[in-house]
Amino acid sequence: MSPGMRLDLSLSATELTRAVVDIPSPSGAESTLADAVEEALTGLGGLRVDRDGDAVVARTGLGRQTRVLLAGHLDTVPVADNLPSRLVDGHLYGCGTSDMKAGVAVMLRLAAALAGSAAPAGPAGSAGVASSAWSGGFVPAHDVTWVFYDNEEVDAVRNGLRRLAANHRDWLDADLALLLEPTSGEIEAGCQGTLRVAVTVPGRRAHSARSWLGENAIHRAAPLLERLASYQPRTVTIDGCVYREGLNAVRITGGVAGNIIPDACEVLVNYRFAPDRDVTQALGHVREALDGFPVELTDSAAGALPGLTAPAAAAFVQAVGRTPVAKYGWTDVARFAALGIPALNYGPGDPNLAHTRDEHVALGLIDAAEDVLHRYLAGPAAGRGRR
Ligand SMILES: [Zn+2]
């Protein structure tokens with residue numbers, strides 16, 4: 001790694017975000033950034049730092065009763081002529097600023113703040129931490145785990161968090177996981193599930209000049225499309241969060257040539273479902289709704305319940321002081337939910353700007369997110385007198 005690729009964790013939140021953004025890390029090419037993160041965290045002392053591929057996991061071992069996990073992906077979508085970053089009117093522009101390097105920078109700043117000021121509970125905590133540079137007044141109320149991972153923006157099979165869960169489940173132990181994905185400082189709880197089914201409508205092929213000899217599969221798909229168009233999706237409220245479902249045709253294919261009556265028409269249907277249903281129940285519902293048509297499951301991902309009744313999550317909601325809202329898209333919180341760990345999305349980036357050429361983040365939101373997380377990790381009795 002070249003010296004220019006070092007991350008100085010004593011930089012301001014703005015400058016550290018900028019430094020992280022300016023190390024390009026499109027999915028599959030995160031190693032330079034992962035090296036820099038690993039080196040910076042190791043350099044803090046007092047944290048156990050582990051690595052799997054381009055995922056870096058750091059943990060305190062203070063022997064606290066609860067452990068809070070902060071997670072963020074290091075990768076971005078492909079750069080779109082929007083690096084290096086630019087600072088304009090209180091906003092930082094560039095690939096990955098919102099999704100989600102501002103969140104990554106906040107995680108790193110918190111690691112530096114805690115490692116620089118917390119005192120270890122014993123000679124070697126539960127995670128086997130050697131005490132070294134731990135001195136000062138700020139004592140975190142929870143043990144903390146930082147998870148930086150690769151390949152979030154690509155196919156699920158490459159997802160670094162999924163790999164960590166398979167290879168090192170114990171690294172992810174926690175009472176609450178916070179994903180610093182862009183939420184504009186809101187708490188987005190749980191996430192909806194998603195599944196897709198292919199519905200194939202058969203027909204009989206014929207020359208279109210003698211169409212009465214055939215059966216037009218595209219025309220025969222009309223009742224299916226009508227069924228979907230008139231479908232009434234559910235709205236489900238869980239822990240005060242409102243989840244709006246949807247059942248939609250997302251692709252239609254059919255036709256052979258300009259002079260042939262088509263013998264097949266395939267409609268791909270996507271069901272986004274509230275997390276009170278698992279995949280099996282959701283598929284059962286789709287079969288019911290599309291009764292009479294052959295339904296074939298092509299892919300699925302379970303949702304995640306908001307989990308706001310878990311004590312660690314409730315305390316976080318209180319610390320943020322905002323009413324949680326439902327997460328509509330699928331996110332990696334569902335991976336934590338599958339491990340039995342309540343998980344929330346909370347981050348400084350703007351989700352509406354993610355993946356855009358014009359991607360940027362408001363500097364004020366970065367500071368605000370760091371402040372909230374710092375206060376939360378300090379616990380109810382602490383958190384005053386910082387800055
Ligand atoms: Zn993201």
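Helices (H or I, at least four residues) and strands (E, at least two) are taken here as DSSP runs and numbered from the N terminus. The model is a predicted one: local features need pLDDT of at least 70, side-chain atom pairs count only at pLDDT 80 or more, and totals for chains, interfaces and linings use all residues. Residues are numbered from 1 along each chain as its sequence is written, and side-chain values use heavy atoms, with hydrogens and water left out.

**Overall make-up**

The protein chain holds ten helices and 19 strands. Along the principal axes, its C-alpha atoms fill a box of roughly 85 × 45 × 40 Å. Of the 387 residues in the chain, 51% are buried. Buried means under 20% relative accessible area, exposed over 50%, and partly exposed in between, for a 1.4 Å probe and protein chains only.

**Backbone details**

The loop between strand S3 (67–73) and strand S4 (86–88) contains proline 84, which is joined to leucine 83 by a cis peptide bond with omega about -5°. Aspartate 81 is placed in the loop between S3 and S4 as well. Although aspartate 81 is not a glycine, its phi is positive, at about 55°, and with a relative accessible area of 72% the residue is exposed.

A cis peptide bond also runs from aspartate 99 to methionine 100, with omega near -10°. Methionine 100 belongs to helix H3 (residues 97–117).

Histidine 355 is a residue other than glycine with a positive phi, near 70°. It sits in the loop between strand S18 (343–345) and strand S19 (360–362) and is partly exposed, at 47% relative accessibility.

**Salt bridges**

Side chains of opposite charge can pair when their charged atoms come close. A salt bridge is counted where a side-chain nitrogen of Lys or Arg lies within 4 Å of a carboxyl oxygen of Asp or Glu. By this rule there are 22 salt bridges.

Arginine 6 lies in the segment before helix H1 (13–21) and glutamate 39 in helix H2 (residues 31–44), so their bridge ties together parts that are 33 residues apart in sequence. Glutamate 39 is partly exposed, at 34% relative accessibility.

Aspartate 263 is partly exposed at 27% relative accessibility, and arginine 205 is partly exposed at 47%. Elsewhere, salt bridges that share partners join Asp35, Glu38, Arg51 and Asp54 into one network.

**Aromatic pairs**

Rings of Phe, Tyr and Trp (its six-membered ring) pair if their centres lie within 6.5 Å; planes under 30 degrees apart count as stacked, over 60 as edge-to-face and the rest as tilted. The whole structure has three aromatic pairs. In one of them, phenylalanine 316 and tyrosine 376 are edge-to-face, 5.1 Å centre to centre with 75° between the planes. Phenylalanine 316 lies in helix H8 (residues 311–320) and tyrosine 376 in helix H10 (residues 363–378), so the pair ties together parts that are 60 residues apart in sequence. Phenylalanine 316 is buried at 0% relative accessibility, and tyrosine 376 is buried at 4%. Phe316 and Tyr376 form one aromatic cluster with Tyr346.

**Largest pocket**

On a 1 Å grid over the protein atoms alone, a pocket is an open set of points where a 1.4 Å probe fits, with protein on both sides within 12 Å along at least five of seven lines; lining residues have an atom within 4 Å of a point. Grid points are joined across faces, edges and corners, and a volume is the space filled by probe spheres set on the points. The largest pocket holds about 680 Å³ of space. It is lined by 24 residues, of which Glu152, Glu153, Trp330, Thr331 and Asp332 are the closest to its centre. Strand S16 (residues 295–301) gives the most to this lining, with three residues.
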